[in-house]
Amino acid sequence: MQHARTKFHSIAQPLIDKFKKHKVMPSSIVLRDMPTRWGSCTAKGKIILNPELIKAPKGCIEYVIIHELCHLIHHDHTQKFIDLQTKEMKDWEKWKMKLEKLLA
């Protein structure tokens with residue numbers, strides 16, 4: 001758990017810094033076992049990551065963090081959300097598919 005926390009923080013910090021241009025910042029990043037999700041975001045801006053994500057490649061971890069950071073701006077999965085996610089990570093679909101294969 002501590003290894004996951006340290007690793008996620010080192011991957012998340014540059015992405016959080018990149019999102020400052022959108023004037024958003026997560027209130028915190030916490031780890032929680034979630035049997036059906038890799039990550040989630042609360043209305044108050046807390047990003048929750050599944051510690052099992054540590055087993056995934058770095059690109060998958062970045063994808064989940066970027067996905068949740070996009071939720072700080074768009075709270076749903078509208079086209080605006082998808083456009084922002086694509087702007088911030090061009091190849092997100094590749095990483096999402098890798099993650100879904102890992103989950104299977």
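Start by selecting Leu49, Leu53, Ile65, Leu69 and Leu99, the residues with the most contacts inside the largest nonpolar core, which has 29 residues. Such a core is a set of buried Ala, Val, Leu, Ile, Met, Phe, Trp, Tyr and Cys residues joined through side-chain atoms within 4.5 Å. Buried means under 20% relative accessible area, exposed means over 50%, and partly exposed lies in between (1.4 Å probe, protein chains only). In soluble globular proteins, nonpolar side chains tend to be buried together.

Before moving on, note that this is a predicted model, in which local features need pLDDT of at least 70, side-chain atom pairs count only at pLDDT 80 or more, and totals for chains, interfaces and linings use all residues. Residues are numbered from 1 along each chain as its sequence is written, and side-chain values use heavy atoms, with hydrogens and water left out.

**Who builds the core?**

Colour the model by helix and strand; these are DSSP runs numbered from the N terminus (helices are H or I with at least four residues, strands are E with at least two). The core draws at least two residues from each of α1, β3, α2, α3 (79-88) and α4. Which element gives the most to this core? It is α2, with eight residues.

Now centre on Ile65. Setting aside neighbours within four places in sequence, Ile65 is in contact (heavy atoms within 4.5 Å) with Phe8, Ile11, Ala12, Leu15 and Leu49.

**The sheet**

Next, show the strands. Three of them form an open, mixed sheet in the order β1-β3-β2. At the edges are β1 (28-31) and β2 (39-41), each pairing on one side only. Neighbouring strands are turned by 20 degrees against each other on average, direction ignored. Two strands count as paired if DSSP finds at least two bridges between them.

- Select β1 and β3: they pair in the parallel sense over four bridges. Ile29 has Ile47 in β3 as its bridge partner.
- Select β2 and β3 (residues 46-49): these strands run antiparallel and are joined by three bridges. Cys41 has Ile47 as its bridge partner in β3, while Gly39 stands opposite Leu49 in β3.
- Stay with the hairpin of β2 and β3, which has four residues between the strands: Gly45 there takes a positive phi near 90 degrees.

While you are on β2, click Ser40, which lies in that strand. Is Ser40 buried or exposed? Ser40 is buried, with a relative accessible area of 10%. Not counting residues up to four places away in sequence, Ser40 touches Met34, Lys46, Ile47, Ile48 and Glu68.

**Helices against the sheet and each other**

Bring in α2, which lies across β2 and β3 and runs at about 15 degrees to β2. Here axes are lines fitted to C-alpha atoms, for helices over the stretch in contact, and angles run from 0 to 180 degrees between N-to-C directions.

Two packed helices are described by the angle between their axes and the distance between the axes. The axes of α2 (residues 58-71) and α4 (residues 92-103) come within 9 Å and cross at roughly 110 degrees. That makes α2 roughly perpendicular to α4, a label for angles of 65 to 115 degrees (under 35 is roughly parallel, over 145 roughly antiparallel, the rest oblique). To see the contact, select Gly59, Cys60, Tyr63 and Val64 in α2 with Trp92, Trp95, Lys96, Lys98 and Leu99 in α4.

First stop: Arg32, in the loop between β1 and β2. Arg32 counts as partly exposed, at 42% relative accessibility. Leaving aside neighbours within four places in sequence, Arg32 is in contact with Lys46, Ile48, Leu49, Asn50 and Pro51. Try the distance tool on Arg32 and Leu49: their C-alpha atoms are 17 residues apart along the chain and separated by 6.2 Å.

Second stop: Lys23, in the loop between α1 and β1. This Lys23 is exposed, with a relative accessible area of 76%. Most residues other than glycine have a negative phi. For Lys23, phi is near 60 degrees, a positive value in a residue other than glycine.

Last stop: Lys90, in the loop between α3 and α4. Lys90 counts as exposed at 65% relative accessibility. From Lys90, draw a line to Lys7: the two are 83 residues apart in sequence and 23 Å apart in space, C-alpha to C-alpha.
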